[in-house]
Amino acid sequence: MVTGFTGVILAASLVVGVLAIWLVRDQLEQRAWSQLQQGRIVLLSLFKARISEIQSLSILTAQRPKLNELILNGDLPALEKYLETLRTGAGLDMILLCNPQPMASASQVYPLPVSLCERGKINGLQSFTLNGSSEIWMLGSHPLESAGNPNEFVIVGWHLNDAFATQLSEQIGMEDVLWYAGTALASSYPGNPKPSNMKQLA
């Protein structure tokens with residue numbers, strides 16, 4: 001009888017233990033999903049702030065007196081050298097001058113697609129094919145101050161690549177993967193893996 005009673009106690013203890021483990025695991029999963037959702041909200045806020053920043057950088061670039069002076073002088077080598085100085089100083093991946101066809105540029109990625117200028121003044125996220133693959137850029141544009149012509153404008157941009165994802169990761173305090181049209185484009189994970197089976201938060 002004592003043995004049977006002890007067995008009942010042990011069985012009850014095991015059930016309580018299993019329930020406790022299940023409850024802790026459930027709480028941890030809920031906390032993890034809550035953190036992910038909070039990270040998503042912060043990430044969206046950062047994207048909005050970056051879009052506003054890139055638009056401001058396009059305005060500041062277009063209003064540079066030295067830039068407009070070089071455009072009026074028609075000195076292309078000096079102009080492109082100055083654009084590269086502006087690009088690196090502002091932390092941009094690309095500066096492109098259009099009239100409305102491309103007339104000068106500075107970029108980490110070449111060749112830049114002619115279609116960028118053909119799209120006119122563009123702001124926000126833009127998709128285009130570059131070197132045979134789909135690329136996503138965050139762009140800002142503004143009319144050139146020297147031109148007085150709406151067909152002459154500057155486009156500045158950031159490439160949404162692994163380096164961009166890593167910058168965002170450092171700000172939100174967790175790893176991230178950037179998605180577009182259901183495809184993972186960039187990742188902050190070590191080695192930058194972009195697994196096709198990774199879940200995307202809605």
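Helices (H or I, at least four residues) and strands (E, at least two) are taken as DSSP runs and numbered from the N terminus. On this basis the chain contains five helices and seven strands, which follow one another along the sequence in the pattern α-α-α-β-β-α-β-β-β-α-β-β. The model is predicted, and local features therefore need pLDDT of at least 70 and side-chain atom pairs count only at pLDDT 80 or more, whereas totals for chains, interfaces and linings use all residues. Residues are numbered from 1 along each chain as its sequence is written, and side-chain values use heavy atoms, with hydrogens and water left out.

Of the 202 residues of the chain, 35% count as buried. Contact is defined as heavy atoms within 4.5 Å; among the contacts in the chain with a separation of 6 or more, 44% are accounted for by residues 24 or more positions apart.

Helix H1 spans residues 2–62 and includes Ser58, which counts as buried because its relative accessibility is 0%. When residues up to four places away in sequence are not counted, Ser58 touches Gly140, Ser141, His142, Val154 and Val156. Phe47 also lies in helix H1, and with a relative accessible area of 15% Phe47 is buried. Leaving aside neighbours within four places in sequence, Phe47 is in contact with Leu125, Met138, Leu160, Phe164, Leu168 and Leu178.

Rings of Phe, Tyr and Trp (its six-membered ring) are paired if their centres lie within 6.5 Å, with planes under 30 degrees apart counting as stacked, over 60 as edge-to-face and the rest as tilted. A search of the whole structure finds one aromatic pair. This pair is formed by Trp158 and Phe164 and is tilted, at 6.5 Å centre to centre and with 45° between the planes. Both partners are buried: Trp158 has a relative accessibility of 7%, and Phe164 one of 3%. A charge is taken to sit over a ring if NZ of Lys or CZ of Arg is within 6 Å of the ring centre and within 35 degrees of the ring normal. Arg50 lies over the face of Trp158 in this way, at 5.1 Å from the ring centre.

The packing of helices H2 and H3 was described with axes, which are lines fitted to C-alpha atoms, for helices over the stretch in contact, and with angles that run from 0 to 180 degrees between N-to-C directions. The axes of helix H2 (residues 65–73) and helix H3 (residues 76–90) come within 9 Å and cross at roughly 160°. H2 and H3 are therefore roughly antiparallel to each other, given that angles under 35 degrees count as roughly parallel, over 145 as roughly antiparallel, 65 to 115 as roughly perpendicular and the rest as oblique. Lys66, Leu67, Leu70 and Ile71 in H2 meet Ala78, Leu79, Tyr82 and Leu83 in H3. Glu69 is likewise found in helix H2 and is partly exposed, with a relative accessible area of 40%. The C-alpha atoms of Glu69 and Leu79, which are ten residues apart along the chain, are separated by 9.2 Å.

Asp176 is placed in the loop between helix H5 (162–172) and strand S6 (177–180), and this residue is buried, with a relative accessible area of 5%. Beyond neighbours within four places in sequence, Asp176 is in contact with Leu43, Ala165, Leu168, Ser169, Ala186, Ser187, Ser188 and Tyr189. Asp176 and Asp162 are 14 residues apart in sequence and 9.7 Å apart in space, C-alpha to C-alpha.

Methods:
Buried < 20%, exposed > 50% of the residue type's maximum accessible area, 1.4 Å probe, protein only.
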